[in-house]
Amino acid sequence: MSRSQRLTVVLLLNLGLVAALVIVGLAAHSLAVLAAGADYLADAGAIGVSLLAIWLAARPRTRARPGGYPHATTIAALVNAGWLLLLNVVIAVAAVQRLAAGTRRVEGLPVLIVSGIAAVVMLAGALVLGGDPGGDGDPGGDDGEDLNVKAVLLDTAADAAAAGGVAVSGAVILGAGGWYWLDPAVALVIAVIIGYYAQKLVRKVAVVLRVQEPAQGPG
């Protein structure tokens, strides 16, 4: 399966989850579930950018662009990681505000069910992306490692972990009949962890872009 096909599969998985997460998040008053829905929507846009980058990298060289688009997939990785970082900052701020203002009732059962399903689906997506990274013949790889696909893989694996964390919080809220503060607290922890790895990927992509800059000729 090519990179484009892998990304398309994960795109369809993301789109299929967005509506369910938003509906359940609103009904259950769960910030963590709503954050997951927003994250999957952002992921869908990011994967669209990745597919566009792969298409650009595969275009034949022209007289106007004799070098083609060698940095397309790397720049897409930067866009994806940067957007993920920004989104998690927004989630962290919302979680802090909810913790400070007091958390309203959160329905644990729907949070547990939809987040458990989302975790399984996103784990499947991560396995699809990680099956043969950088080695299926698509252009745009970087020494066997396609940072574009790696960015989407990181995001998808993070989504699976985040959904699992939200499912656990839903189970605890359901079992305790309270502890509603756990919902924004879990959202905050997940945002901080994912944000940390996203900024590391941003720095790595920036280094790759600097290395790939064409050497300047003698003045």
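The model is predicted, so local features need pLDDT of at least 70 and side-chain atom pairs count only at pLDDT 80 or more, while totals for chains, interfaces and linings use all residues. Residues are numbered from 1 along each chain as its sequence is written, and side-chain values use heavy atoms, with hydrogens and water left out.

The side chain of Glu107 meets that of Arg105 in a salt bridge, at 2.9 Å from N to O. The term stands for a side-chain nitrogen of Lys or Arg within 4 Å of a carboxyl oxygen of Asp or Glu. Side chains of opposite charge can pair when their charged atoms come close. How many salt bridges does a search of the whole structure find? The search finds one.

The protein chain as a whole has six helices and zero strands, where helices (H or I, at least four residues) and strands (E, at least two) are DSSP runs numbered from the N terminus. Read from the N terminus on, the order of elements is α-α-α-α-α-α. Of the 219 residues in the protein chain, 42% are buried. The accessible surface of the chain comes to about 10,800 Å², and 69% of this surface belongs to carbon and sulfur atoms; such areas come from the Shrake-Rupley method with a 1.4 Å probe, and for residues only the protein chains shown count as cover. When contacts between residues at least 6 apart in sequence are taken, 83% of them join residues at least 24 apart, a contact being heavy atoms within 4.5 Å.

Two positions illustrate what lies inside. Ser169, in helix α5, is buried because its relative accessible area is 1%. Leaving aside residues up to four places away in sequence, Ser169 touches Leu182 and Val186. Ala36 sits in helix α2 and is buried too, since its relative accessible area is 16%. Ala36 and Ala163 are 127 residues apart in sequence, yet their C-alpha atoms are 7.1 Å apart in space.

On the surface, Leu109, Ile113, Ile117 and Leu174 form a nonpolar patch with about 360 Å² of accessible area together. Patches are made of residues with over 30% relative accessible area and no salt bridge, joined within 9 Å for like charges and within 5 Å for nonpolar side chains (Val, Leu, Ile, Met, Phe, Trp, Tyr). Which helix gives the largest share of the nonpolar patch? Helix α4 (residues 108-129) does, with three residues. Leu174 belongs to helix α5 (residues 147-176), and its relative accessibility of 42% is why this residue counts as partly exposed.

The loops hold two backbone features to look at. His29 lies in the loop between α1 (3-28) and α2 (31-58), and its phi is near 60 degrees, a positive value in a residue other than glycine. His29 is partly exposed because its relative accessible area is 27%. Trp179 lies in the loop between α5 and α6 (182-212). Its phi is near 55 degrees, again positive in a residue other than glycine.

Key
Buried < 20%, exposed > 50% of the residue type's maximum accessible area, 1.4 Å probe, protein only.
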